[in-house]
Amino acid sequence: MRRIIVVDDNEDILEIIKLILEGYDYEVVTLADGGLLFDSIREFKPDLILLDIMLSNMDGRELCKAVRENDETKDIPIIFVSASHSISDRFMARGSNVDFLAKPFDITELIDKVAMSLSAA
């Protein structure tokens with residue numbers, strides 16, 4: 001079973017994404033605090049991270065950068081899931097395993113992007 005960590009400061013979004021993904025046989029851990037991401041990565045060993053850009057306690061782009069700069073986590077695909085459509089091109093370029101899904105999202109689009117990210121990893 002493929003493992004996914006979802007990071008978003010909105011508990012309702014976390015619950016919805018978790019229910020959707022578990023319905024497609026993914027194992028899901030949700031985090032409302034991005035500061036817990038690296039501990040969760042070590043424990044859960046995810047195949048994919050869904051990450052909100054505008055977290056209440058930090059910038060998801062900076063968290064993505066930290067994941068990319070760590071040798072142990074740099075190859076984990078990341079999908080930004082955010083209402084903010086102004087994502088920096090540097091995260092989308094150079095085969096960086098980063099994709100983007102705009103909120104509100106379509107369930108089919110979420111599942112398709114997850115499947116594509118996992119198959120490319």
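These are my notebook entries on a predicted model of one protein.

**Ground rules.** I number residues from 1 along each chain as its sequence is written. Because the model is predicted, local features need pLDDT of at least 70, side-chain atom pairs count only at pLDDT 80 or more, and totals for chains, interfaces and linings use all residues, while side-chain values use heavy atoms, with hydrogens and water left out.

**Overall layout.** I looked up the elements. The protein has 5 helices and 5 strands. Here helices (H or I, at least four residues) and strands (E, at least two) are DSSP runs, numbered from the N terminus. From that end, the order is β-α-β-α-β-α-β-α-β-α.

**Cover and surface.** Next I checked burial. Of the 121 residues, 45% are buried. Buried means under 20% relative accessible area, exposed means over 50%, and partly exposed lies in between (1.4 Å probe, protein chains only). The accessible surface comes to about 6400 Å². Carbon and sulfur atoms hold 49% of that surface. These areas come from the Shrake-Rupley method with a 1.4 Å probe; for residues, only the protein chains shown count as cover.

**Contacts.** I then looked at contacts, meaning heavy atoms within 4.5 Å. I took those between residues at least 6 apart in sequence, and 59% of them join residues at least 24 apart.

Which strands pair with E4? I count two strands as paired if DSSP finds at least two bridges between them. E3 (residues 48-51) pairs with E4 in the parallel sense over 3 bridges. In this pair, Leu-51 stands opposite Phe-80. The chain gets from E3 to E4 through helix H3 (residues 60-69), and this β-α-β crossover is right-handed. Right-handed means that, with the strands pointing away from the viewer, the path from the first strand over the helix to the second runs clockwise.

E5 (residues 98-102) also runs parallel to E4, joined to it by 5 bridges. Here Ser-82 stands opposite Ala-102.

**Nonpolar cores.** I define a nonpolar core as a set of buried Ala, Val, Leu, Ile, Met, Phe, Trp, Tyr and Cys residues joined through side-chain atoms within 4.5 Å. The largest one has 19 residues. Ile-4, Val-6 and Leu-110 are among those with the most contacts inside it. E1 (3-7), H1, E3, E4 and H5 each supply at least two residues of this core. H1 gives the most, with 5 residues.

Leaving aside neighbours within four places in sequence, its contacts include Leu-21, Phe-44, Leu-50 and Val-114. Another core, of 18 residues, lies apart from the largest one, and Ile-49, Leu-51, Leu-63 and Cys-64 are among its members.

Most residues other than glycine have a negative phi, and most peptide bonds are trans. I looked for exceptions.

Asp-25 has a positive phi, near 65°. Asp-25 sits in the loop between H1 (11-23) and E2 (27-31). It is exposed, at 57% relative accessible area.

Lys-45 is not a glycine either, yet its phi is about 50°. Lys-45 lies in the loop between H2 (37-44) and E3. Its relative accessible area is 58%, so I call it exposed.

Which residues does a cis peptide bond join? They are Lys-103 and Pro-104, with omega about -10°. Pro-104 belongs to the loop between E5 and H5 (107-120).
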